[in-house]
Amino acid sequence: MDAITVSHLSKRYDETLAVDDVSFSVARGSTLGLLGGNGAGKTTTIAMLLGLLVPSSGSIRVLGHDMARHRFAALARMNFSSPYVSLPSRISVRENLQVYAHLYGVRHTAQRIAELARELDLTGLLDRLAGELSAGQKTRVALAKSLINRPDVLLLDEPTASLDPDTGDLVRSWLERYRAESGCTILLASHNMAEVERLCSDVVMLKKGRIVDHGTPQDLLDRYGREDLEDVFLDIARGRTSLEAHT
Amino acid sequence: MSLSLRRIWGLMFRHIALYRRSWPRLVELAYWPILQMSIWGFTANFLMQRGGSNAAMIGGAVMGGVLLWEVALRSQMGMSISFLEEIWSRNLGHVFVSPLRPWELVAALIGMSMLRMLAGVIPAIALAWVLYAFNLLSTGPVLVLFFANLMVMGWAVALGVISLILRHGAGAEALAWSVLFGITPFSAVFYPVSVLPHVAREIAFLVPASHVFEGMRAVMLDGHIAWDELALAMVLNLVWLAAAILIFRRQFQVARIRGALISIGE
């Protein structure tokens, strides 16, 4: 059974069609990369998956729950991280994590926070104000927040943005391990193509709100005759089809 | 603790943690009620010195009005500003993708509003007692009903303000500070409704606070509890609150359709 099923999803703002008849599914325990340039519809799609935004048409099912009618049942088993949505900066990292532990009904809060702090190297930061942290530290805290409830579905928007290569690699390794151990399903929006190749079993390419290609990273590399996804991304962004890319 | 209560407490804990670390925020809670109490306390003292026993009673009623109006004002501001704190910290995206239901958000905001109101009004009541020998508590148990009605009116107005913020974004945030001042002339805080012009009296009839303050004056000046006024205040509050809840629910849904929950801080 798929963890996420998106069928004919569209979102219109007045004259603008931000997402246009998008359909895809994500198998349980797999990682889907949602790729596309700025304005491709990634954020809008994620916002609809999270119930922040009501679709103009189409449907979303997460963990078997229809998001239009039973979104809270799904949201309790989901979580989200984005460097573009802040955590309160005037309270400590520990207090932030406590707040979200309460919101997600996490048991043994102190133990869970200590566990996440140890694994994401946050122990020394727990009693510092969230606003005093560096961008990389904030991203790690946001990731800890997104894992506080041991989610079955994790939506990550640029999870390693602002991280140095070493910490970025640590986070990627940690996500791989977490997925392997928990069977968590991950939907990842990223501009880091190396990250997508490493973490994603499937990739959806969006452009102007529509899916323009879809497949495993290897499928896309073969189809476009490229060595890495960065070139495939450029081919799609610049309007070259897989056939043109071959010639 | 049920999951629902935990979520409500979670959001309240976020605000309590914020206040624990911020003395300017704590000072702000009590600053205005104490300032108001001081100014009106001196005014009432002046009236008492110059006008004899009747003026003394009126001065007392004015001080009671000042303190009780702060209950409505602090309740409304406490709820609206707690919501604005989420916008200012750009945290709403995380809050609304958690399992927190909209009514639980409202319950947490009401909880914070009560805490903020008590932190502001209790020092002012104590100050009135110490400096001016005015004991609001001598009004008796009916004071609880005055407080409750004014708090509910404050929450209804705050829900209206939050709905406007959901509809128009942070541009509507100035209303969090100013909106209740616009109702003050019709709330009969310092004078009876009878002194208002006819049209204003019609408006005042629809404002729950005007009945609370008529009731307060009945206790302080005439020594009896005006149950009819209190009943009217309660009925009007139920109507105001029901209308505010409907407007909030509608605006929350519209915000989800328009994508305002993503860009509300802008």
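The questions and answers below look at chain A and chain B of a predicted model.

Student: How many helices and how many strands does chain B have?
Tutor: Read along the sequence, chain B follows the pattern α-α-α-α-α-α-α-α-α-α. The secondary structure of chain B therefore holds zero strands, and counting runs of at least four residues as helices, its total comes to 10 helices.

Student: What radius of gyration does chain B have, and what would a compact globule have?
Tutor: The C-alpha atoms of chain B fill a box of roughly 60 × 40 × 35 Å along the principal axes. Because a compact globule with 266 residues would have a radius of gyration near 18 Å, that is the value to set beside the one for chain B, and the two agree, with chain B at 19 Å.

Student: What percentage of the residues of chain B count as buried?
Tutor: A residue is called buried when its relative accessible area is under 20%. When this cut-off is applied to the 266 residues of chain B, the share that counts as buried is 55%.

Student: How far apart are the centres of the positive and negative side chains in chain B?
Tutor: Chain B carries 18 positive side chains and 12 negative ones.

Student: Which domains does the assignment give for chain A, and what distance separates their centres?
Tutor: The assignment for chain A gives domain 1 as 2–77 + 152–246, and domain 2 as 85–150. Taken over C-alpha atoms, the centres of domain 1 and domain 2 of chain A are separated by 25 Å. The contact between them takes 15 residues from domain 1 of chain A, and from domain 2 of chain A it takes 13 residues.

Student: Is A:Ser23 buried, partly exposed or exposed?
Tutor: A:Ser23 has its place in strand E2 of chain A, residues 16–27, and touches A:Val6, A:Ser7, A:His8 and A:Ile211, not counting residues up to four places away in sequence. Because buried means under 20% relative accessible area and exposed means over 50%, the value of 31% makes A:Ser23 partly exposed.

Student: Which residues is A:Arg150 in contact with, leaving aside its neighbours within four places in sequence?
Tutor: A:Arg150 lies in the loop between helix H5 (135–147) and strand E7 (153–157) of chain A, and with a relative accessible area of 46% this residue is partly exposed. Contact here means heavy atoms within 4.5 Å, and once the neighbours within four places are left aside, the partners of A:Arg150 are A:Arg112, A:Glu115 and A:Tyr178.

Key: Residues are numbered from 1 along each chain as its sequence is written. Chains are lettered from A and ligands numbered from 1 in the order in which they are written. This is a predicted model: local features need pLDDT of at least 70, side-chain atom pairs count only at pLDDT 80 or more; totals for chains, interfaces and linings use all residues. Side-chain values use heavy atoms; hydrogens and water are left out. Helices (H or I, at least four residues) and strands (E, at least two) are DSSP runs, numbered from the N terminus. The radius of gyration is taken over C-alpha atoms; the globule rule is 2.2 Å times the number of residues to the power 0.38. Buried means under 20% relative accessible area, exposed over 50%, partly exposed in between (1.4 Å probe, protein chains only). Lys and Arg count as positive and Asp and Glu as negative; His and the chain ends are not counted. The place of a charge is taken as NZ of Lys, CZ of Arg, CG of Asp or CD of Glu. Domain bounds come from an automatic or database domain assignment.
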